[in-house]
Amino acid sequence: WEVTVVAPKFVRGDLRPITLEPFPEEATRLVPISAYLTASPHLLFYGTSLRRLLSEPWDLIHCWEEPYVLAGGQIAFWSRNRPLVYYTFQNIPKYYPPPFRQLEQFALQQARAWIAAGRTVAATLQGRPGYANKPHHILPLGVDVAKFRPDPAAGSAVRQSLGWTEPGPPVVGYLGRFVPEKGLNLLMQVLDKVSVPWRSLFVGGGPLEPQLHRWCQKHSPENVRIVTGVPHDRVPAYLNAMDLLAAPSQTTPRWREQFGRMLIEAMACGVPVVGSDSGEIPFVIGDAGMVVPEADVQAWVTALATLLQNPAQRAELAARGRERVHARFTWPTIAQQHLEFFEEILDHDSHYH
């Protein structure tokens, strides 16, 4: 397979502006293109440079835009008569107002197949009109285990940079957006009730940052650290500074956790994970961590306290997590599954025609 990746030169992002950063060692051809109205995922659209690209004789077009958004409809329109496969994260049944409902219907008419990012996505969509009669496969996100790996020295350096002396209480970590649906309010409430000594490290950014700083003032300044603006290539070091990762995502009427990339990144680094039962989290963690009812404060207090005072249990879950990631979530594993699915689609098309 020869792969060409097409990506926006710039998007506003939900937390910060994001400029495309090509690397000299890119394994594929990378084509930057212009995108417009990038502050809104539903309204983002591409210019005619994408139309010209899609007119080239591709064997298959793999679209990482949802079928119901404007860009997904654009790609369907410009990809007609070519095998098109969508990758979707939609794990809540939603009925979209015009024109998004019509965009979804049109996109699925043009698509040969679709890929679900997890079991909850497949369960939500496989009976939905337009999806039900299409081949589909569940293919999760992956993690680069060469970069995300146990690195005690890097973790120790981060702790030193944060002004933490060793030895000290275990570190409860959080990695992700500082938004209500990610469960920060619950995590703060839970930590207030945990009587076992702890330190906490929050890595991310978002609108709840001021509230998080106010909460920190209730605790010893030695106990809590908030770090924002961490580039992705520095995330492994911060994960290695944690003794456990908490992922307390909270389901809302319009959102539930679609995957939880921080979970597989933490497990790859040998960090035990505790996650809520929102959305895809239980299927990502499996038996390699602790899954807690999402809104049960006392259950969360018990889970964190148990791990904080039990280094042997943390070590056991860390080993299980690494084993699970290496068996299921490495990028070569995910890539191989993609290729097998794509080849099935093309083989089916050749027999059909």
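In strand S12, Arg199 is the bridge partner of Val171. The pair belongs to a set of 7 bridges that join strand S11 (residues 171-177) to strand S12 (residues 199-205), and the two strands run parallel. The coordinates come from a predicted model.

S11 and S12 sit in an open sheet of 6 strands, ordered S13-S12-S11-S14-S15-S16, with parallel pairing. Strand S13 (224-228) and strand S16 (290-292) stand at the edges; each has a single partner strand, so one side of each is left without a neighbour in the sheet. On average, neighbouring strands of this sheet are turned by 20° against each other, direction ignored.

Further along that order, 3 bridges join strand S14 (residues 244-247) to S15, again in parallel. Leu245 stands opposite Val273 in S15. Which way do the residues of strand S15 (residues 273-276) point? Val273 and Gly275 point one way, Val274 and Ser276 point the other way, and all are buried.

A second sheet is described next. It is open, with 4 strands in the order S7-S8-S9-S10 and parallel pairing. Its edges are strand S7 (61-63) and S10, each with a single partner strand, so one side of each is left without a neighbour in the sheet. Ala113 in S9 is the bridge partner of Val85.

The bridge counts are collected below.

| Strand pair | Bridges | Direction |
|---|---|---|
| S11 (residues 171-177) and S12 (residues 199-205) | 7 bridges | parallel |
| S14 (residues 244-247) and S15 | 3 bridges | parallel |

Helix H2 (residues 70-78) lies across S7 and S8 and runs at about 165° to S8. How many of the residues of H2 are buried? The helix is mostly covered, with 7 of its 9 residues buried. These are Ala71, Gly72, Gly73, Gln74, Ile75, Ala76 and Trp78. The buried residues of H2 pack against strand S6 (45-46), helix H1 (48-54), S7, S8 and helix H3 (100-110).

Asp151 lies in the loop between strand S10 (136-138) and helix H5 (152-161). Is Asp151 buried or partly exposed? Its relative accessibility is 23%, so Asp151 counts as partly exposed. The C-alpha atom of Asp151 is separated by 9.0 Å from that of Ala241, although the two residues are 90 residues apart along the chain.

Cys216 is buried, with a relative accessible area of 13%. Cys269 is also buried, and its relative accessible area is 3%. Both values fall under the 20% cut-off for a buried residue. The structure holds 0 disulfides.

The second largest pocket has a volume of about 230 Å³. Its lining is made up of Gly118, Arg119, Ile138, Pro140, Phe259, Glu280, Phe283, Val284, Arg324, Arg328, Phe329 and Gln337.

Key
Residues are numbered from 1 along each chain as its sequence is written. This is a predicted model: local features need pLDDT of at least 70, side-chain atom pairs count only at pLDDT 80 or more; totals for chains, interfaces and linings use all residues. Side-chain values use heavy atoms; hydrogens and water are left out. Buried means under 20% relative accessible area, exposed over 50%, partly exposed in between (1.4 Å probe, protein chains only). Two strands pair if DSSP finds at least two bridges between them. Contact means heavy atoms within 4.5 Å. Axes are lines fitted to C-alpha atoms, for helices over the stretch in contact, and angles run from 0 to 180 degrees between N-to-C directions. A disulfide is a pair of cysteine sulfur atoms within 2.5 Å. On a 1 Å grid over the protein atoms alone, a cavity is a set of points where a 1.4 Å probe fits but cannot get out, and a pocket is an open set with protein on both sides within 12 Å along at least five of seven lines; lining residues have an atom within 4 Å of a point. Grid points are joined across faces, edges and corners, and a volume is the space filled by probe spheres set on the points.
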